[in-house]
Each structure stands twice: as C-alpha cells, then as structure tokens.
Amino acid sequence: MKKVLGIGGKRKHRPTDIVAEKETVTLQTSSKKVVAIDCEMVGVGEKGRMSALARVSIVDYNGAVVYDKFVKPQERVMDWRTFVSGVTPASMKNAIPFKQAQQEVAELLKDQLVVGHSLRHDFQALLLPLEPHRVRDTAK
C-alpha cells in the first residue's frame, strides 16, 4: 500500500493509492469436519401455513451423500408443497419417525461445521439448537 504524507506530515491513505493484493483464504478445519444440510418441509396446521419436517439430506465436504431420509411429519399434512419440496404422499411410504430422524441428524452434526441456506429454518424443523459458531449460512 502506498502511503501519502498529508497536512502536518501525518500519513494518510488515498483510495486511489491502494493497490489490491490477491489473498488466499484457508478454511481452518478438516474436510472431514464439514457437512452441508438441507431440509424439506410440508405444510401442516390450519391451511398448511406451519412447516413440518419431511426430508433431511446431508452431504460431506466432497458432496457424497451422508444422509438422505424422508421423515413422517407428526401432524396431518395439509399442503405437500411438492412444487418446492419434491415431497409427495408416496414419499412417506418408507419415511422414518421424526424422533428417529432428529436423533440420527443430531449425531451426524455433532462436532461438524454445518453449511446450508437459511439454516435457522432447518434447525427449527429438526427442533435442534442452532450453534452460531458451528454454522456457515449462505443466506447471510
């Protein structure tokens, strides 16, 4: 960075004098400690306005599927939201109970850096605590 002397001999920087330098950012974690998650929700409650978990997908750092299961909502589904979620009534044929999914996902996410979009919604649907220091949310 080029420094320029200003009034009174003090150094000051002018935006036009700054030379951009290429910087490499290194992720300070093992690739084995990074996963990405996405949850799909269906509409429950009056007119399907509330969201309930219907599918959880998790991939590792390299994109390999670690977990991908349909989850049976605890409430009656009023809106499948298929156009967004891809979930249909037929998807529930082999769906697992919510509690089972919650426990399995909690175990998989333990000690992991979790990447995703609007993770607050996914963690709310899973009824799991969102630990800000362990997430990287692409929505922010």
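1. The lining of the largest pocket has 10 nonpolar, 6 polar and 3 charged residues. Here Ala, Val, Leu, Ile, Met, Phe, Trp, Tyr, Cys and Pro count as nonpolar, Asp, Glu, Lys and Arg as charged, and the others, Gly among them, as polar. This is a predicted model: local features need pLDDT of at least 70, side-chain atom pairs count only at pLDDT 80 or more, and totals for chains, interfaces and linings use all residues. Residues are numbered from 1 along each chain as its sequence is written, and side-chain values use heavy atoms, without hydrogens and water.

2. The volume of the largest pocket is about 350 Å³. Of its 19 lining residues, M41, S51, A52, H121 and A125 are the closest to the centre. Strand 3 (34-44), strand 4 (50-60) and helix 3 (119-126) each give two or more residues to this lining. (A pocket is an open set of points on a 1 Å grid over the protein atoms alone, where a 1.4 Å probe fits, with protein on both sides within 12 Å along at least five of seven lines; lining residues have an atom within 4 Å of a point. A volume is the space filled by probe spheres set on the points, which are joined across faces, edges and corners. Helices (H or I, at least four residues) and strands (E, at least two) are DSSP runs, numbered from the N terminus.)

3. The second largest pocket has about 160 Å³. Its lining includes S118, R120, P132 and K140. Helix 3 gives the most, with 3 residues. By class, this lining has 5 nonpolar, 2 polar and 3 charged residues.

4. In the largest nonpolar core, of 21 residues, I37, L53, V56 and V105 touch the most other members. (A core is a set of buried Ala, Val, Leu, Ile, Met, Phe, Trp, Tyr and Cys residues joined through side-chain atoms within 4.5 Å; buried means under 20% relative accessible area, with a 1.4 Å probe and protein chains only.)

Note on methods. Buried means under 20% relative accessible area, exposed over 50%, partly exposed in between (1.4 Å probe, protein chains only).
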